[in-house]
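Here is a friendly walk through some strand pairings and helix contacts. Please keep the viewer open as you read.

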Amino acid sequence: MKLHHKALRHFISVSVIVLTSSFLIYELIASNKAMNAYMRYIIEKADSSFLYDKYTNQSIAAHLMRKFSSPKDPVSLEQRKALCNAFESVNGAHGLNLTRHRYLPLRGTLQTHSSNCIDQLDDIFLLPAFDQAVNVNRELVDYGHGLGTLEYKFRYYIDLKNNYIYFYNLVNSYQFTMNHWSFLQKGTLGINQNDIDDIFTGRTVISSIYEDDLTQEKVMSFLTPVYFSGKLKGVVMVDINKENLKHIFYTNDRPLVWRYLNVTLSDIHSGKKIVIHQSETDLFQYVHYINDIPGGLRITLSLDFAYFIVSSWKIFVFFLLATALLLNMVRTHFRLYHNVTRENISDAMTGLYNRKILTPTLEQRLQQLVNSGSLVTFVAIDCDKLKKINDTLGHQEGDRIITILAKAIQASIRKSDYAIRLGGDEFCIILIDYAVDLTPRLLERIRNNLQIIAPDTSISFSAGIYNMQPNDTIDDAYKASDAQLYLNKQKKHHRS
């Protein structure tokens, strides 16, 4: 029965943990769904920003193509002279505004492989159109507020026909020079000439991730072709660096998400990637979202589990408190049940079992033990001369004698045995699988314990022993042990 109650208690405790954990798991699943939806929003926001940059590139490229195709104004001798006077060479590179803004018609820096100032003469006088197009697009109203569209990004034009590069911003050519003019063939920018010829057919923008020679960091670029007379002349490019990408992906409405968000941008074709942001912690990813966007780019977002802990600490506290409270209620309930049960089958004066322990369930268990070959021994005990003690010293002293004997019995048996007070000074001990030759030693232990517990009190008792047989009931076994006790008591009386 005790094992049954223990198993039931464990089952209910496990059920409580499963129940409260189910609530927590439900919250995790709901949070996962909500955060997946938020991940989609982040990607849509980034895609909108990229779309804005693509549109800007296309607008600049279209403006250049119109300028290249329109009738050109004649170049005066003074213009030629001013250009050649401003033409310079630095670190093996040639061009305009290499170290400072010397050639005012151009806002940025032009670098070329040619040392002759007139090789790209016609193009140079048309390049202010590039500056104008970039300025016009920068001055547009930010219709995509919060998409990172207002940030100044690095824009430039590469002319594939005349092999020069023009940066919208001034570039210090002491720190960076475009010396490797075979970059298209070597794929330094992540593209090859043959790829451009094929890809640009029917497409206006491609995306690429490459390592920027200027900053030595990976950047993402959008490339837009510029055609002249039906042939590819050059490419308008915009570089979006890691800081730009951080502003594009930053979760303004949820700063806490950003602390635990991992963001990676990958080039599907080249396999190169930019790690835009990493979580402050690295427990494990409980939201993982991957999405491919037009242009051969893949965005990977993952949210660390620490975010759920930090953002949902109230749920965790509720989970822990509810679990602890319910488990305590289960423990208290079974403790009370055990106490009530114990009181129901326990003798109030001695603390031993009372007659109520002798149930059909116990009888069935004892019979099963006997039938399986285990020894079940009944020992009947009662005090000697208790009536005389009650008559001469009073019932209070008689009760004290009974209590002392009960303590000696309890101290002498094992936990698997049963010590029962049947009433008055009558006791019964049921020994489970106890060797026959050890039973007399048990009686000696009881006598020794009496001396230890009450050395100043002389207490004697008589006992009868009976080994339960198959088909015996508890009543049969006890009566047999009690009959033996009566015989032993008579023998002791005759001897005295």
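V379 has I465 as its bridge partner in strand β16. Strands here are DSSP runs of E with at least two residues and helices are runs of H or I with at least four, numbered from the N terminus; two strands pair if DSSP finds at least two bridges between them. This is a predicted model, in which local features need pLDDT of at least 70 and side-chain atom pairs count only at pLDDT 80 or more, while totals for chains, interfaces and linings use all residues. Residues are numbered from 1 along each chain as its sequence is written, and side-chain values use heavy atoms, with hydrogens and water left out.

Where do β13 and β16 sit in their sheet? The order is β14-β15-β13-β16, an open sheet of four strands with antiparallel pairing. Its edge strands, each pairing on one side only, are β14 (418–423) and β16 (461–467). On average, neighbouring strands of this sheet are turned by 20° against each other, direction ignored. Helix α15 (residues 474–495) packs on the sheet and touches β13, β14, β15 (426–432) and β16; contact means heavy atoms within 4.5 Å. The direction of α15 makes about 140° with that of β16, where angles run from 0 to 180 degrees between N-to-C directions and axes are lines fitted to C-alpha atoms, for helices over the stretch in contact.

| Strand | Pairing with β5 | Residue opposite |
|---|---|---|
| β3 (residues 109–112) | antiparallel, four bridges | T109 opposite F167 |
| β4 (residues 154–159) | antiparallel, four bridges | Y157 opposite Y166 |

Between β4 and β5, which form a hairpin, lie four residues, and N163 in the turn has a positive phi of about 55°. In a regular strand, side chains alternate between the two faces of the sheet. Both faces of β5 are covered, with Y164 and Y166 buried on one side and I165 and F167 buried on the other (buried means under 20% relative accessible area, with a 1.4 Å probe and protein chains only).

Finally, look at helices α12 (residues 386–393) and α13 (residues 395–412), whose axes come within 7 Å and cross at roughly 140°. L386, I389, N390 and L393 of α12 meet H395, E397, G398, I401 and I402 of α13.

Terms used
Buried < 20%, exposed > 50% of the residue type's maximum accessible area, 1.4 Å probe, protein only.
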